[in-house]
Amino acid sequence: MSEKPKYYITTAIAYTSGKPHIGNTYEIILADAVARYKRSQGYDVFFQTGTDEHGQKIELKADDTGVTPKEYVDNVAGEIRRIWDLMNTSYDKFIRTTDEEHERQVQKIFRKLYDQGDIYKGYYEGMYCTPCESFFTESQLVDGKCPDCGREVSPAKEEAYFFKMSKYADRLIEHINAHPEFIQPVSRKNEMMNNFLLPGLQDLCVSRTSFTWGIPVDFDPRHVVYVWLDALTNYITGIGYDCDGESTEQFHKDWPADLHLIGKDIIRFHTIYWPIFLMALELPLPKQIFGHPWLLQGDGKMSKSKGNVLYADELVDFFGVDAVRYFVLHEMPFENDGVITWELMVERMNSDLANTLGNLVNRTVSMTNKYFGGVVTDKGAADTEEERSVDADLKAVVENTPKVVDAKMNDLRVADAITEIFNLFKRCNKYIDETLPWALAKDEAKKDRLETVLYNLIESIRAGAVLIEPFMPETSGRILSQLGDGKVTEKPEILFARLDVNEVMKKVEELHPQEEADESKADGAGESDAAVIDIEAKPEITFEDFGKMQFQVGEIIACEEVKKSKKLLCSQVKIGSQVKQIVSGIKAHYKPEEMVGKKVMVLVNLKPARLAGVLSEGMLLCAEDADGKLALMTPEKEMPAGAEIC
């Protein structure tokens, strides 16, 4: 009997600066879905996550709160682990960079790289971003601020050790070119090659002397090992790597990692620094690094300073664990950023979970009990061509769905895999509409056909429940327990209850009253002298003139910069069943990733025109204030793409 194939998957280790929001939590849920799926396919999975606990930012936060850095990270690491456990994630190891064995190995790795000439001592002078713990040259800054997080930077100079990045750059370029699957999605690979590797790598600062909360360099204790050499090595120290050649059996089995799952904002460190460190240690490179997009709250990246943070435990209190898991996995595109709001959560809860899935299971179990006492067998009763056709079509979907799901999961297209499973549930609902079990029940001669229909439904739902387990494990178990083994449960359980969006939003406001007040104040709401603008009036038009214009709600599904223009963005806008390409002069006001997921007002029947050589098939409506700031016009309430504006 052959051994199971191994599969080693990791998340980025979470930085212990504070409680993780739902955008941070998305990554561990995504990794868990992949890990569970691989286990279901017979793989021997090792799933590692953990916390990154050193650095100047931690030292400053601990000082502000009057505790030691270790006390501070112990508390935050405990909170992170609580959230990971709350979301029912099945990690095998939770590593902390303050773990004694990790610290010991980092010191040994640093010494090894120094002894072989890859690390040397020098001085670093540049602009330093404390939150990102990164140095930048003046040319790398964006508007004088950190290019990664947009915060203020300050000049810094200190003695430091450096790693000779350029020594391994050509070898890394060769590896990336020879292994197109190494960096995913492809857009991330192109970014790393064009923006960093091909222009030439600078040597990397790998120690600091301006703070003490870190792993000391054992042969020069004034220095502490700088964050990335410390943090990235967790992927090998966590499975038993030893720098002196005494690595564990697990390390030899599991390395190289099959998948490093990380956020797109740290793709550079994982696809350039980490592979080069591994080359210097003469270790194989991970098989794949996937830089997933961000989960945005409303119209921007979640940030406590913006007051737009959603937390997993709050969402779970409203919707339950599996509903939150479903939403973040299903709503995140493969490459573009996803959007989460309370309103969208309610919409998905009601439409996908309560209606498509929950109602399907409930009425199937109820009918099986009502008509056959909970027990049905396959009578094979399909007497007409129509009956044989609908049965065959349902069975074809059931048989094909696992194959499609497997293909999607192998490409890490998790949202698409879930969509395929829910298409199976939708096909089951359609089958009920086609076969009309309640009508069959009125005719005793149709009893065998009715039993066959319910049998087909139960087995189809069972197949879908098995497939949904990696994504919604509790729901999968609850469905399978209701379907039973030969007999369905006597009383069907409500899987998901429908919610009233107004009631939910009222509770949200009660939960965060101060935040609502702060947002209103920031928006100028409630001020006695509300800002107004008078503009020059245009000639009057008739209702007939207005009637010639067709306005509809559109959903932006993709957006990118127009390369030949400093002002234009090109959006793909879903309007009903059509997708229109619309070019807009709003680049100064919106980033492409901010546009994706927005519901907007569109002038649909504007004559197509080419702007900077790109075809535009409509117009997005915006408002403009006295300072020239633009805001896209969006529906006040949730409306479907294609809804007419009248």
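So, the largest cavity: Tyr26, Leu30, Phe290, Pro293, Leu329, Met332, Pro333, Phe334, Leu412, Arg413, Val414 and Ala415 line it. Two elements, helix H1 (22-40) and helix H15 (414-435), each give two or more residues to that lining. This is a predicted model, where local features need pLDDT of at least 70, side-chain atom pairs count only at pLDDT 80 or more, and totals for chains, interfaces and linings use all residues. Residues are numbered from 1 along each chain as its sequence is written, and side-chain values use heavy atoms, with hydrogens and water left out.

A quick word on terms. On a 1 Å grid over the protein atoms alone, a cavity is a set of points where a 1.4 Å probe fits but cannot get out; a pocket is an open set with protein on both sides within 12 Å along at least five of seven lines; lining residues have an atom within 4 Å of a point. Points join across faces, edges and corners, and a volume is the space filled by probe spheres set on them. Helices (H or I, at least four residues) and strands (E, at least two) are DSSP runs, numbered from the N terminus.

Back to our cavities: there are 2 of 30 Å³ or more.

Now, the second largest pocket, with about 220 Å³ of space. Its lining has 17 residues, with Val583, Ser584, Gly585, Met619 and Leu620 nearest the centre. Strand E23 gives the most, 3 residues. Thanks, everyone!
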